[in-house]
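Could you walk me through this structure, stop by stop, while I have it open in my viewer? I would like to know what to select next and what is there.

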Amino acid sequence: MSNYDKHYEVVVVGGGPAGLAAAYSACQNGAKKVLIIERDREVGGILNQCVHNGFGLHYFKEELTGPEYAGRFADMVKGTCADILVDTMVLEITPDKIVKCASQQHGYLAIKADAVVLCMGCRERTRGAIEIPGDRSAGVLTAGTAQRYVNMEGYMPGKKVVILGSGDIGLIMARRMTLEGAKVLAVVELSPYSNGLNRNIVQCLNDYDIPLYLSHTITNIVGKTRVEKVVISEVDGFTPIPGTEIEFECDTVLLSVGLIPENEISIRAGVTIDPRTRGAVVYENMQTSMEGVFASGNVVHVHDLVDFVTGESIRAGAAAAEFALGKRIGGRVIDVVTKPGVNYTVPQKIRPDNIEKSVDIFFRTNKVRGNSIIRVTSDGAKVAEFKREHMAPGEMEKITIPKVLLDRCGDSIEIVVEDA
Amino acid sequence: MKELICIVCPKGCHLKVDENDNYSVTGNDCPRGAEYGKKELTAPTRMITSTVKVRGGLYSRCPVKTAAPIPKGLIFEAMKLLDNVELQAPVRVGDVVVEDICGTGIAFIAARNL
Amino acid sequence: MYDVLIIGCGIVGSAVAYELSKYQLSVGILEKYNDVANGATKANSAILHAGYDPHPGTDMARLNTLGIKLAKEICEKLDVERRECPSFVLAFSEEEMKTVQTLYERGIANGVNVRILNGDEVREIEPEISKEVVGALYSEDSAIVDPWGYAIAMAEVAVTNGVVLHRENKVRAIKKVGDIFRVSTNRDVYEARYIINAAGANAPQINAMVGDTTLQPRNLSGQYYVLDKAEGKRVNSVIFCCPNKDGKGVLVSPTVHGNMIVGPDAFEVFDSETVATDAVTLPALKPKAHRSVPGINFREIIHEYAGVRPNTQFDEFYIKELETCPHFIALAGIKSPGLSAAPAIALDAIKLLKKAGLNMTKKVNYVDSRRVVRFRKMNDEQRRALIARNPLYGRIICRCESVTEGEIVDAINRPIVPFSVDAIKRRCNTGMGRCQGGFCGPRVHEILARELGMSPIDIMMDENKTFILTGRTKEDKKK
């Protein structure tokens with residue numbers, strides 16, 4: 001008797017934008033038995049609650065809302081061989097790729113996979129993670145949780161709101177709460193610049209006269225039961241400056257203070273994690289340190305645009321299908337080493353033998369920059385240089401290195417960003 | 001003279017638009033910035049996305065969007081139109097939810113299947 | 001009219017209610033919050049102390065050592081999460097080794113299994129302990145426990161056995177008319193022949209209502225960090241430093257839920273309901289904890305909390321029938337090791353009631369067991385069978401802690417109905433993990449509303465007035 005209930009060539013863990021694209025691509029690349037396992041009641045992931053538009057400009061060449069983008073991919077997957085289990089939670093992936101999951105409808109299942117694609121996405125950082133002091137009042141929630149309440153369930157989580165963090169989710173929720181009749185008193189940002197897109201600063205804050213406090217943070221939350229008051233202070237670096245306090249009478253604090261890839265299942269399976277991204281260390285084809293286990297989307301590194309999640313997942317899905325069908329990749333490995341100005345890279349490892357024409361390397365820089373040069377070197381010698389007029393930590397950068405150049409590199413390449 | 005941040009690309013040029021000089025734009029690094037600056041001061045428009053009530057669906061709200069950008073000044077009036085709408089599932093992407101937003105001829109349409 | 005009315009349903013009130021429920025008595029509990037275990041019981045170090053700390057011969061020493069023995073039995077009977085977990089008291093100098101020696105002697109006198117280890121022996125058992133440590137007191141008599149789960153379990157079994165719990169009843173005044181106490185709360189007036197004051201940090205005020213003003217509250221706030229399960233296995237023992245005048249110093253401990261806690265620093269607060277954390281006290285814990293366990297990764301912090309320890313001017317607990325008010329039994333000043341001592345304190349309370357003249361006969365039939373389904377603790381076959389039996393156990397609601405809808409519905413159907421999202425958290429662990437309820441919060445909320453037949457708007461985060469939602473979209477603006 002086998003120790004599993006079902007067998008698939010490719011099992012995709014998560015049915016958000018990454019999982020849908022990976023499954024679609026796996027089918028397009030020859031896999032005949034593909035399964036998506038989704039924990040929510042429908043596929044689409046977080047896009048279903050992102051009712052704003054701005055998705056899809058790169059991939060579909062038009063501006064879609066989140067649910068529309070998810071819907072298009074769900075329809076594309078419907079036309080493939082992929083099976084979908086919704087309302088089913090993956091609990092564990094064993095080293096021999098048995099995916100254990102639980103579901104109300106299907107019971108407890110052990111599914112044998114030839115290849116796995118990890119597409120679990122990310123979670124929001126919380127009040128606890130960033131240690132906001134003060135009372136344990138109700139009315140402090142992450143922007144994403146608020147977004148779900150407002151956009152999917154139709155409930156308002158508050159009337160007078162202070163938002164901490166000016167990433168795009170925070171900015172989007174400032175506008176969304178305003179449109180639904182709440183008063184957004186302030187968006188407070190620890191950094192001296194916003195991590196959100198200019199478009200969102202203009203159309204979510206400026207349009208509604210919502211003030212943005214840069215280099216500020218919340219230093220106290222007051223309220224025995226529900227939030228009554230929030231104190232913000234200017235910061236010098238990360239340290240609040242005494243005497244700069246501003247008080248806001250409000251009933252709600254929304255947090256948009258960063259996203260963390262959800263890799264608990266990956267870690268338990270034995271996948272090596274990059275402490276910089278908190279996602280898996282991946283090769284050029286999105287394979288992790290475990291052979292046959294791939295990863296893509298926000299579970300690898302937090303993306304700025306869903307279009308890039310899609311692109312990455314299409315590569316991961318294709319590679320998973322090829323692996324399931326027997327393709328094995330060998331050859332030497334080039335390590336991508338980050339130098340000043342580069343916070344991380346994806347991929348972290350490149351096998352030149354598996355590159356056809358060129359490899360795309362994604363990374364984020366450490367601060368807002370004007371004219372800059374991205375230098376790629378190997379063994380002290382120049383490999384390539386790229387110019388940028390503008391760089392910011394909020395935006396993913398991409399450089400493309402041709403195979404001919406990679407073939408000349410040593411066992412590592414270094415990437416540095418400098419002012420031009 | 002009005003100051004605004006260009007949103008055409010991530011660079012975010014700080015534009016200065018002179019209303020008294022045929023909306024001439026300075027501070028832009030590219031021609032698209034000049035176009036944006038003029039439009040933003042003469043006829044700014046926005047896409048509006050929101051939700052409406054829906055019965056019989058997986059959720060109690062259905063996302064909607066304007067079929068095209070509407071004049072910025074109409075945002076709150078347009079939002080009010082959604083308060084009294086209640087859809088009945090099934091809803092398809094593109095279903096018209098409000099036919100004509102404040103005489104613009106632009107509709108609110110459903111943004112998902114539900 | 002109750003034979004006995006217990007004021008307060010924290011760990012002590014619950015333990016007393018549980019013991020009293022074994023007797024043929026009418027027993028009531030007044031609890032000011034909308035749930036039990038909502039004061040000091042929900043915010044402490046969650047440790048069942050071995051008992052080497054209290055001075056030999058004191059009530060505290062006797063109650064501590066007896067309490068943890070009783071806790072072992074009770075936790076097994078009532079299915080409370082408890083784990084035996086050795087403890088160290090670290091010495092960083094020869095001077096501190098003298099303190100260790102003193103604690104060792106106290107431990108021996110209190111009947112505790114204690115040993116003195118040198119630095120190498122310490123690190124052999126617990127390799128994460130600092131190389132600076134020269135020696136330590138070591139005991140295997142300690143344990144860690146789910147403190148609110150412990151109180152909830154005893155309170156639930158008490159209610160199963162006929163004890164009446166009145167929640168959201170804050171005592172405002174107590175009058176004695178003849179032999180009868182008339183206790184007024186914000187909601188009603190309750191009568192009883194005997195009173196047990198188990199009001200935690202508010203016990204001195206309750207005593208004062210019947211004329212005993214002996215106790216001066218010296219409530220100490222302790223603040224803690226909770227770290228992710230990624231740090232939960234870094235240490236497998238409770239690690240104390242040598243005690244000083246403020247308490248046991250900063251401790252590092254695993255929790256029964258698989259996390260790590262670090263804390264507390266102690267300072268006096270005047271509001272017994274203070275649960276605020278501050279930006280000075282908490283970060284100061286980090287270097288102190290690193291001194292004991294240098295490897296702790298504070299990037300894994302997921303939560304902070306603060307709790308008030310019901311301290312008074314006395315070193316000892318204040319357990320007695322008040323001289324000024326017969327039939328009124330004070331169980332006051334129950335600071336550390338109150339969690340450890342609670343079931344023994346309950347037995348003392350019973351003795352005091354008997355001594356005060358209450359006739360006590362054991363019930364012939366009473367329920368003394370309780371079972372809880374915990375999906376996350378099961379193996380594959382158990383999970384398979386469980387879901388086959390009831391598919392609701394197949395729907396995972398809290399992904400961080402692997403809590404199923406079936407467990408949440410179970411909790412709602414138990415004798416003390418939880419009304420808030422945090423009450424579910426205390427019973428099922430939902431939202432205790434790394435996402436802190438970001439994902440499961442709205443779903444727990446929805447299940448509570450559905451099962452209780454309430455509007456989601458009326459479901460609280462925790463206590464009364466901790467509302468989560470302020471209205472509906474598209475419906476409330478016209479008003």
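A residue counts as buried if 20 or more other C-beta atoms lie within 10 Å of its own, with the C-beta atoms placed from the backbone. Keep that cut-off at hand, and keep in mind that this is a predicted model.

**Stop 1: helix 4 of chain A**

Select residues 143–153 of chain A, which form helix 4. This helix is mostly covered, with ten of its eleven residues buried. Step just past the end of the helix to A:Gly154, where phi is positive, at about 80 degrees.

**Stop 2: where chain A meets chain C**

Now show chain C as well. Contacts link 39 residues of chain A with 43 residues of chain C. On the chain A side, the elements that each supply at least two residues are strand 6 (88–93), strand 7 (98–103), strand 8 (107–118), strand 9 (122–124), helix 3 (127–130), helix 4 (143–153) and strand 11 (155–156). Which of them gives the most to this side? Helix 4 of chain A does, with six residues. Colour this side of chain A by class and you will find twelve nonpolar, 14 polar and 13 charged residues.

Zoom in on strand 11 of chain A next. Two bridges join it to strand 22 of chain C (residues 471–472), and the two strands run antiparallel. Pick A:Met156 to see one such pair: its bridge partner in strand 22 of chain C is C:Gly471.

**Stop 3: a parallel sheet in chain A**

Stay with chain A and bring up its open sheet of five strands, which has the order 10-19-12-13-14 and parallel pairing. Strand 10 (140–142) and strand 14 (212–213) stand at the edges with a single partner strand each, so one side of each has no neighbour in the sheet. Inside the sheet, select strand 12 (residues 160–164) and strand 19 (residues 252–255) of chain A, which pair in the parallel sense over four bridges. Here A:Val161 stands opposite A:Thr252 of strand 19.

**Stop 4: the cores**

Which residues touch the most other members of the largest nonpolar core? Among its 161 residues, they are A:Val10, A:Val117 and A:Ala320. Helix 8 of chain A (residues 306–324) gives the most to this core, namely ten residues.

Centre the view on A:Val10 and show its contacts. Leaving aside neighbours within four places in sequence, they include A:Ala26, A:Val34, A:Ala113, A:Asp114, A:Val117, A:Ala320 and A:Ala324. Apart from this core lies another one of 132 residues, with C:Leu20, C:Leu282, C:Val293 and C:Ile329 among them.

**Stop 5: a hairpin in chain A**

Select strand 28 (residues 372–378) and strand 29 of chain A, an antiparallel pair joined over seven bridges. A:Val376 has A:Ala384 of strand 29 as its bridge partner. Two residues lie between the strands of this hairpin, and in it A:Asp379 takes a positive phi near 50 degrees.

**Stop 6: the domains of chain C**

Colour chain C by its domain assignment: domain 1 (1–82 + 144–215 + 314–371), domain 2 (83–143 + 218–309) and domain 3 (375–458). The centres of domain 1 and domain 2, taken over C-alpha atoms, are 27 Å apart. Between these two domains of chain C, 27 residues of domain 1 are in contact with 34 residues of domain 2. On the domain 1 side, helix 2 (59–78) of chain C is one of the elements that each supply at least two residues, and helix 2 of chain C has the largest share, three residues. That side divides into 14 nonpolar, eight polar and five charged residues.

While you are in chain C, select helix 5 (residues 147–160), which reaches 20 Å from its first C-alpha to its last. Of its 14 residues, 13 are buried. Just after helix 5, C:Gly162 takes a positive phi of about 105 degrees.

**Last stop: chain B**

Finally, turn to chain B, whose assignment gives domain 1 (2–43) and domain 2 (46–110). The centres of these two domains of chain B, over C-alpha atoms, are separated by 30 Å. Four residues of chain C are in contact with six residues of chain B. The chain C side of that contact has no nonpolar, one polar and three charged residues.

Key:
Residues numbered from 1 in each chain as written. Chains lettered and ligands numbered in written order. Predicted model: local features only at pLDDT ≥ 70, side-chain atom pairs only at ≥ 80, totals over all residues. Contact = placed C-beta atoms within 7 Å. Nonpolar A, V, L, I, M, F, W, Y, C, P; charged D, E, K, R; others polar. Pairing = 2+ DSSP bridges. Core = buried A, V, L, I, M, F, W, Y, C linked by C-beta atoms within 7 Å. Buried ≥ 20, exposed ≤ 12 C-beta atoms within 10 Å, placed from the backbone. Domains from an automatic or database assignment. Expected span 1.5 Å × (residues − 1).
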